[in-house]
Amino acid sequence: MVQPIDKRLDMVLTIATPVDSYVLSTIVKDNPVPINVFMNHGEIHVTFFLDNISANERTLFASFDPIIIGNVIEITERIDSAVIRSLAENSQLVPTLADAEVYVKGKNIFLSFRFHSSDLSSVGKLIRKIVSLNDQLEEIQMTKSRGIVEVLNQISRRIPLSAVSFSFSKTGTQQFIAEWKAKSKAPLEGILYSLQDANYIKRYDFSTEPTSALIESVYKDHIPLASYIELHENDRVKVIVHVPSCLLKSFLVRLYESLENQNDFRVENIENYGEDQTKLSEFHII
């Protein structure tokens with residue numbers, strides 16, 4: 001009997017906190033906006049990816065030195081949030097903590113993380129640090145996780161996603177699945193899932209992998225991926241990435257720059273994400 005990878009991290013922690021943001025107070029969008037939250041030199045930044053923006057909005061955001069990528073404008077704003085800072089500084093307390101969702105709703109930023117139930121005690125310590133802050137919490141929940149597939153379904157209902165599948169040859173015989181932790185303080189940190197033992201989950205370092213240049217490029221440019229998963233099968237690596245469709249071109253440019261010279265590199269699929277035929281079904285573990 002096999003289990004899909006999305007059931008391996010069986011818990012989810014969700015925290016919502018209000019933020020004082022000029023961009024949020026200015027934009028008028030019917031649909032959610034892709035964002036990325038990151039720390040830079042000890043300061044918290046939020047990058048907003050806005051498409052179909054009006055000429056008036058372009059003028060309003062000119063002081064933020066926006067980056068224009070096709071129809072998408074990338075705006076980064078510095079914010080202050082004790083809650084987000086505490087999450088960033090203490091995430092290392094939980095070895096299996098992985099990204100689920102980060103999104104804006106109203107004037108609140110929602111941050112959601114998947115983790116394994118073996119780390120419940122460590123998550124309890126993280127929650128204690130957060131609730132002890134003199135900062136407002138709009139919501140805090142810790143529940144059973146529905147898995148990464150349901151996370152992707154939820155994201156795709158708010159923001160259109162594209163799925164990119166690619167593969168390449170690699171020496172060695174190790175077999176495992178690795179997931180990148182985009183919000184980690186360490187740019188190349190991930191989680192390793194054993195193919196032999198369903199309970200074996202540990203930290204993983206992508207620095208020795210051929211994909212490290214791609215991951216570093218995505219991390220450096222703050223492109224918010226919905227998921228990044230590698231399946232290592234003997235001498236071949238298969239990778240599936242879910243990226244906001246408005247940023248697909250930006251991701252593909254970095255993909256080819258980083259891996260097109262890798263041995264037997266192949267881009268196998270580039271398609272819109274669909275709940276009923278997610279490519280994650282190809283990634284099964286015992």
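Which residues of the largest nonpolar core touch the most other members? I looked this up first, in what is a predicted model. The core has 34 residues, and those with the most contacts to other members are Ile 35, Val 37, Phe 48, Leu 50, Ile 84, Leu 87 and Ile 109.

I then took Ile 35 and listed its contacts, leaving out residues up to four places away in sequence. Ile 35 touches Val 46, Thr 47, Phe 48 and Phe 49, then Val 102, Tyr 103 and Val 104, and also Ile 109 and Pro 224.

I found an open sheet of 7 strands, paired antiparallel, in the order 13-12-11-14-15-10-16. Strand 13 (201-205) and strand 16 (266-272) are its edges, as each pairs on one side only. On average, neighbouring strands here are turned by 20° against each other, direction ignored.

I looked at one pair inside the sheet. Strand 14 (residues 227-233) and strand 15 (residues 236-244) are joined antiparallel over 7 bridges. His 232 has Val 237 of strand 15 as its bridge partner. Helix 7 (residues 248-259) packs on this sheet and touches strand 10 (161-169), strand 15 and strand 16. The direction of helix 7 makes about 5° with that of strand 10.

Last entry: Thr 59, in helix 2 (residues 55-60). Is Thr 59 buried or exposed? I put it down as exposed, because its relative accessibility is 59% and the cut-off for exposed is over 50%. From Thr 59 to Ala 98 I count 39 residues in sequence and 37 Å in space, C-alpha to C-alpha.

Methods: Residues numbered from 1 in each chain as written. Predicted model: local features only at pLDDT ≥ 70, side-chain atom pairs only at ≥ 80, totals over all residues. Heavy atoms only, no water. Core = buried A, V, L, I, M, F, W, Y, C linked by side-chain atoms within 4.5 Å. Buried < 20%, exposed > 50% of the residue type's maximum accessible area, 1.4 Å probe, protein only. Contact = heavy atoms within 4.5 Å. Pairing = 2+ DSSP bridges. Helix = DSSP H or I, 4+ residues; strand = E, 2+ residues; numbered from the N terminus. Axes fitted to C-alpha atoms, helices over the stretch in contact; angles between N-to-C directions.
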